[in-house]
Every structure is written in structure tokens, then in C-alpha cells.
Amino acid sequence: MRMAAMALAALLSLAAAPAVEVGDLQWLSGSWVSRDGDRWTEEWWTPPRGGIMIGAGFSGRGAKATSFEHMRIMAGEDGAIAFYGMPGGAATVRFPLVNGGEGEAVFENPAHDYPQRIRYRLEGETLVATTSLMDGSREQRWIYRRME
């Protein structure tokens, strides 16, 4: 009985293991847009190359851009994959990957003020991006479609 429980625990830990390389997040690459009335957000991710994905995003209302962010996903000096964000050109903030692979990536930094969690999830042809605190509160959500 004890061996079965240990085997089950090992399998569950493998299922929740983070991606082992940036290439596992290939599904995130592309050009994405979210629209809500005259508000819009666009995000672009390069395909993985050389162990890195480069991202950029900006939001606005009507013809005016109101915010932007430079992003990258890559392994840090410790070898762990992380999301690095620079909103509005501010200092870089690191969010280590805690769960990810085919169709989902969750990055967390509990020491950051907001957000503390960044999640990307592919649902068919839709990309759902959310930011929140560690407990899931103060969630913001963007529903993206591929740009044509």
C-alpha cells in the first residue's frame, strides 16, 4: 500500500513539473490581440530560439497607446526557466516557471507586489492570460485571438 502511494505521488509530481526547456512553450509564439469595445491589447511572442522567447505587448484605447511591456522567457543563471517582465520600461522582474508545458505556463514571484502570478493557457485557438496575487485575488484576464 505504501509503495502504491509513493508511486502515485511520484506520478503526480511529474504531471505538475515545469517545462524542462523553453521550446516546450512553442505554443505561446505568435501575434495575439484582445479587444473590448475601443480598448485593445496586443502581445507578440517569438518562436523559441537559442533557449529564449522574446515578447512585447502594449495596450490602448482607440488610437492611443496607454501602456507597453518588454518580456522574455529564458533559463536564468540557476538553469530554471522564468518570465522576465519590464512593464513601461521599468526594472526587470523575474517570475520563475512553476508549472508549464503543452498549453499552459504558470510563473510566480510571491515577493513581488503585483502581479505575483502570471498564467498563460491555450484553449483551442484562444490564449487566456491572467495576472493575480498568489491567492488568486485581484485577477485580471485577457482573452486573445491570433492576429491575421
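These legends describe close-up views of a predicted model.

View 1

**View 2. Strand 1 pairs with strand 2.** Strand 1 covers residues 30-36, and strand 2 covers residues 39-45. The two run antiparallel and are joined by 7 bridges. Look for Ser34: it stands opposite Thr41 in strand 2.

**View 3. Strand 2 also pairs with strand 3.** Strand 3 spans residues 52-61. Its pairing with strand 2 is antiparallel and uses 7 bridges. Trp40 has Gly60 in strand 3 as its bridge partner. Strand 2 and strand 3 form a hairpin with 6 residues between the strands. Which residue in this hairpin takes a positive phi? Gly50 does, with a value near 65°.

**View 4. Strand 3 meets strand 4 in a second hairpin view.** Here 10 bridges hold the antiparallel pair. Phe58 stands opposite Phe68 in strand 4. The hairpin has 2 residues between its strands. Gly62 sits in the turn and has a positive phi of about 60°.

**View 5. Trp44 and Phe58 form a stacked pair.** The whole structure holds 6 aromatic pairs. In the pair of Trp44 and Phe58, the rings lie 5.6 Å centre to centre. The angle between their planes is 25°, and the pair is stacked. Trp44 lies in strand 2 and Phe58 in strand 3, so the pair ties together parts that are 14 residues apart in sequence. Are these residues buried or partly exposed? Trp44 is partly exposed, at 29% relative accessibility. Phe58 is also partly exposed, with a relative accessible area of 27%.

**View 6. Phe83 and Phe95 meet edge-to-face.** The ring centres of Phe83 and Phe95 are 6.1 Å apart. Their planes stand at 70°, so the pair counts as edge-to-face. Phe83 belongs to strand 5 and Phe95 to strand 6, so this pair ties together parts 12 residues apart in sequence. Phe83 is buried, at 2% relative accessibility. Phe95 is buried too, with a relative accessible area of 3%.

**View 7. The largest nonpolar core has 21 residues.** Which residues have the most contacts inside this core? They are Leu28, Trp45, Ile73, Phe83, Phe107 and Tyr120. Strands 4, 5, 6, 7, 8 and 9 each give two or more residues to the core. The largest share, 3 residues, comes from strand 6. In soluble globular proteins, nonpolar side chains tend to be buried together.

View 8. Leave out residues up to four places away in sequence, and the contacts of Phe107 include Leu25, Ile73, Ala82 and Phe83. Phe95, Pro96 and Leu97 are also among them.

**View 9. A charge sits over a ring.** The charged end of Arg72 is placed over the ring of Tyr84. The distance to the ring centre is 4.6 Å.

Key. Residues numbered from 1 in each chain as written. Predicted model: local features only at pLDDT ≥ 70, side-chain atom pairs only at ≥ 80, totals over all residues. Heavy atoms only, no water. Core = buried A, V, L, I, M, F, W, Y, C linked by side-chain atoms within 4.5 Å. Buried < 20%, exposed > 50% of the residue type's maximum accessible area, 1.4 Å probe, protein only. Helix = DSSP H or I, 4+ residues; strand = E, 2+ residues; numbered from the N terminus. Contact = heavy atoms within 4.5 Å. Pairing = 2+ DSSP bridges. Phe/Tyr/Trp six-rings, centres within 6.5 Å; stacked < 30°, edge-to-face > 60°. Lys NZ or Arg CZ within 6 Å of the ring centre and 35° of its normal.
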